[in-house]
Every structure is written in C-alpha cells, then in structure tokens.
Amino acid sequence: MSRGTSLFLVDSDFRRRAAISHCLAGSGIHVEPFEDASELIGRWPRSGLLLVHDDGRSIHSLLSQMGRSGQWLPVIGFAQEPSTRMVVRAVLDGAIDYISWPFAGPEITNVVSEAEEKAETFGSAKLREALARSRVDRLTKREREVLAGVAGGLSNRMIGEKLAISPRTVEIHRANMLTKMGANHTSEAIRIAIEASLVN
C-alpha cells in the first residue's frame, strides 16, 4: 500500500463513518467521509479509492458517474452481513472488492492494499468497461436487442425475424443505436458492446 493512500468513504450513517475513520487512524490511510454519492460526485477526487456502503443505490450511481466522466476509481463495497446476491451485484456493477462490516483496522488495511494492486492491473480495462456501459445505457431495450443481433452476426432481415419487426425498422433502430453510442460504424458499436460485457 502506498503511503498516504486516500480513501473516500461514502456512508449515510454518521456513527459508522466515525467508527471507520477511527478504525483507520494511524494506518497511513487518509479517510475523507461523505454522506452520500451525490456529495462525493460534487467534489470528485483525482485519485484514491472509494469505500462505499452498499445501500442498493450508491455503488451503481458512482460507477455510472465514472462511466460518464471517464475517470475510474477503485470501489470497495461494504455492508453489515451482506447477502451473496448483494456482493455479486456490486462486483458485476464494477466494484473491485467487498468487505463485511464491522471490520478491524488490519482487515480493511489489507483490503485497501489489495484493491490498489488490483486497480493497477484492472484500471484501464475497468475504465473502458465503465465508459462502454454508459454508452450502452443510453439505448432503449429494442436498440440493445438490435445491437445484440448485430454483434451476433445477424443480418437486418434475420434480426427483424427474431424480433418480429421489419428489416426497415431494424435499420432505423440500428442508425439510432450508432448515433446514441457515438459509434461511426457497426464494428465500433460491437467493440463497445463487448467492452460493456453486453456480449461475449
């Protein structure tokens, strides 16, 4: 772990924020507490890690913000007695790690250290994925279906048959999809879909 690591703590519970800050005092990790995701977004840091209480919204909203801004920071999710489903959802959204609260100083210090190492490896890939996801998020359900068909190598006619719409309608959805994604051609749209993990 690099000295003077900045950890941006997002948690609406004042007591828990204070307990976590106290738990990390003297660890070489500088903790900056925030009450919610919008407060942090208003003062977006250049570097550091985010420790985010998983309230079902904050992790997703911060990762969406990263996709829009093009600046990725590693996110560690945490919750008291999190269910497997919560952990899986946070990781699929893009969290780099997850920890169960309450935790002790050495435990969170290790998680932060590992997250920093992972961030060096995954950083640019995660940023590309976040950017791609934000572009795919602009699409309607039908446009996503057309994109999946295009990525699957289907012609307009075949996509139309699969979706029970005319090839001309597929063309319109395809044009709208490219515009919304900021893609100049179909192969670029397919690359974005792959980076967003929409297709394999």
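The model is predicted, so local features need pLDDT of at least 70 and side-chain atom pairs count only at pLDDT 80 or more, while totals for chains, interfaces and linings use all residues. Residues are numbered from 1 along each chain as its sequence is written, and side-chain values use heavy atoms, without hydrogens and water.

Let me begin with the sheet. Five strands, in the order β2-β1-β3-β4-β5, form an open sheet with parallel pairing. Strands here are DSSP runs of E of at least two residues, and helices are runs of H or I of at least four, numbered from the N terminus; two strands pair if DSSP finds at least two bridges between them. β2 (29–34) and β5 (97–101) are the edge strands, each with a single partner, so one side of each has no neighbour in the sheet. Strand β1 (residues 5–10) pairs with β2 over six bridges in the parallel sense, and F8 has E32 of β2 as its bridge partner.

I turn now to helix α8. V170, H173, R174, M177, L178 and M181 of α8 are buried, meaning under 20% relative accessible area, with exposed over 50% and partly exposed in between (1.4 Å probe, protein chains only). These residues lie on the same side of α8, because they cover an arc of only 135° around the axis, taken from the directions from the helix axis to the C-beta atoms. On the other side of α8, R168 and T179 are exposed.
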